[in-house]
Amino acid sequence: MSTDLPVVPHWIDGAERPSTSGRTSPVYDPALGVVTKNVALADQAEIDAAVASAAAAFPGWRDTSISKRQSILFAFRELLVARKQELAEILTSEHGKVISDALGEIARGIEIVDLACGFPQLMKGEYSENVSTGVDVYSLRQPLGVVGIISPFNFPAMVPMWFYPLAIAAGNTVVLKPSEKDPSASNWIGALWKEAGLPDGVYTVLHGDKVAVDGLLEHPDVRSISFVGSTPIARYIYENAAKAGKRVQALGGAKNHMLVLPDADLDLVADSAVNAGFGSAGERCMAISVVVAVEPVADALIAKVSERMAGLRTGDGRRGCDMGPLITREHRDKVASYIELAEGDGASVVVDGRGVEPDGEADGFWLGPTLIDRVPTTSRVYTEEIFGPVLSVVRVHSYEEGLALINSGAFGNGTAIFTNDGGAARRFQNEVQVGMIGINVPIPVPVGYHSFGGWKQSLFGDSKAYGVHGFDFFTQEKAVTSRWLDPSHGGINLGFPQN
Ligand code: NAD
């Protein structure tokens, strides 16, 4: 650790809390390739302090009126909208994504804050009058208590926002453990909540690594875990949170296919493949990483995609480029190693990003957009999540062959079909084993009032993020059966009442 650099502190009790653990992790500016700060890594005492603060804030927040909670949410939303540029610049400086993409991420996060502002409608219970003579049954929705959120590096603002606006609206208190690679956005959000009037302790940020994650998984006062990250860690979270008796939703990795039928509009397909393959340098769980071209379209499509790729500018996200760097040097090298692997496995590299000349500092973690044709489906380039700007093309000879390929995959996050045949699209949405489907739309991230989540190894647990699923996850229902005695009691009856 460079001692002259600032250390990103925790956010506990509504203020920055410098760490005393003595452990930190470096935070890079990926476009410069240099460490600009360090982030605190929590120890057990800090985990306990964060959870204790959230637990202490819970009773007061739970009993705060709906109208007061709603007014704080609206104030938070207004501040976020007014100051989103500031947040975008923080995202770009630690993640590397270009400013316009950072603003796009924030816009998708604000959608969930919008949804949360309308929470009273979704918190309403149900009432059945006179279910038995003089007896009524009704349901209440109540918060869980302290809820844990563990988020990945690729959407440092949006992914936590999939969860905490709804959790807080519903009356829970939150402990967020952001990715240690780009931690600052979460503290900035803490200060914004404070300005909006949120009581101290309702939103807490605990920075850290596996120690902090395990601490949240094991802590008896943490009632639920919402996790987003890679599949092996999602599985670990799911198993261990369940073992500890917690509610859990764990969203994992992806390998998303775009199926292109011969009747598709190839210009639309080429634009979509480039946008969805290389946006955010391919570091999106809904990025398209495989184009499944139903012959005879592959040659024409590859020509159009390559032509568009030639116009992309890779470089520093603050300079108006199209695509930024990867998150770390190690990750860049790992992604680049798949290009070498593809060559060894007999695929043909059409556009090679390894030779990119970036508009940025030489030490940045650069890898240009890469297109690989004829990727064998046995190759690790096809079977593994690469999470970088590498787009593979697999050629098939029929819709059925393409569908079978997509359905044979381990992941089931997103997919898209491009066609002008409504019947084929309808058949695809019915037959494909994937949670989120685009029809002539390459990145089908559902809007806030629907829910987000994949199938198979892309989601462990039975609850998706946000939308109605999100409210269900962050609330527990009580059913009340009531009778008010008037004028006298009902006498002895050992059976269930029947009339
Ligand atoms: P990651 O799994 O490495 O890290 C996610 C979180 O887990 C971080 O907060 C990290 O600190 C923590 N963590 C890392 N190793 C751990 C360990 N051994 N034990 C306990 N906790 C640990 O993921 P990442 O690299 O930050 O993010 C990229 C991954 O996230 C990709 O696989 C991507 O597909 C996935 N992702 C999925 C979705 C989705 O909605 N399904 C959305 C965004 C990202």
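Ala, Val, Leu, Ile, Met, Phe, Trp, Tyr, Cys and Pro count here as nonpolar, Asp, Glu, Lys and Arg as charged, and the others, Gly among them, as polar. In these terms, the lining of the largest pocket in this predicted model divides into 20 nonpolar, 13 polar and nine charged residues.

The largest pocket has a volume of about 900 Å³. It is lined by 42 residues, and the closest to its centre are P152, F153, G229, S230 and I233. Two or more lining residues come from each of α9 (210-218), β11 (222-228), α10 (231-243) and α13 (329-344), and α10 gives the most, with five. Because domain 1 (7-252 + 458-480) and domain 2 (256-439) both give residues to the lining, the pocket lies between them.

We turn next to charge pairing. Side chains of opposite charge can pair when their charged atoms come close. The count in this model comes to 31 salt bridges. One of them joins the side chains of E94 and K37, at 2.6 Å from N to O. This pair links distant parts of the chain, with E94 in helix α3 (residues 84-95) and K37 in strand β5 (residues 34-40), 57 residues apart. E94 is buried, at 2% relative accessible area, and K37 also counts as buried, at 17%.

In the salt bridge between D63 and R62, the closest N and O atoms are 3.0 Å apart; D63 is exposed, at 57% relative accessibility, whereas R62 is partly exposed, at 32%. E78 and R77 form another salt bridge, with 2.9 Å between the closest N and O atoms. Here E78 is partly exposed, at 46%, and R77 is partly exposed, at 23%. Finally, a network of salt bridges links D267, D271, K304 and R308.

Conventions
Residues numbered from 1 in each chain as written. Predicted model: local features only at pLDDT ≥ 70, side-chain atom pairs only at ≥ 80, totals over all residues. Heavy atoms only, no water. 1 Å grid on protein atoms, 1.4 Å probe; cavity = no way out; pocket = protein on both sides within 12 Å on 5 of 7 lines; lining within 4 Å. Points joined across faces, edges and corners; volume = space filled by probe spheres on them. Helix = DSSP H or I, 4+ residues; strand = E, 2+ residues; numbered from the N terminus. Domains from an automatic or database assignment. Salt bridge = Lys/Arg side-chain N within 4 Å of Asp/Glu carboxyl O. Buried < 20%, exposed > 50% of the residue type's maximum accessible area, 1.4 Å probe, protein only.
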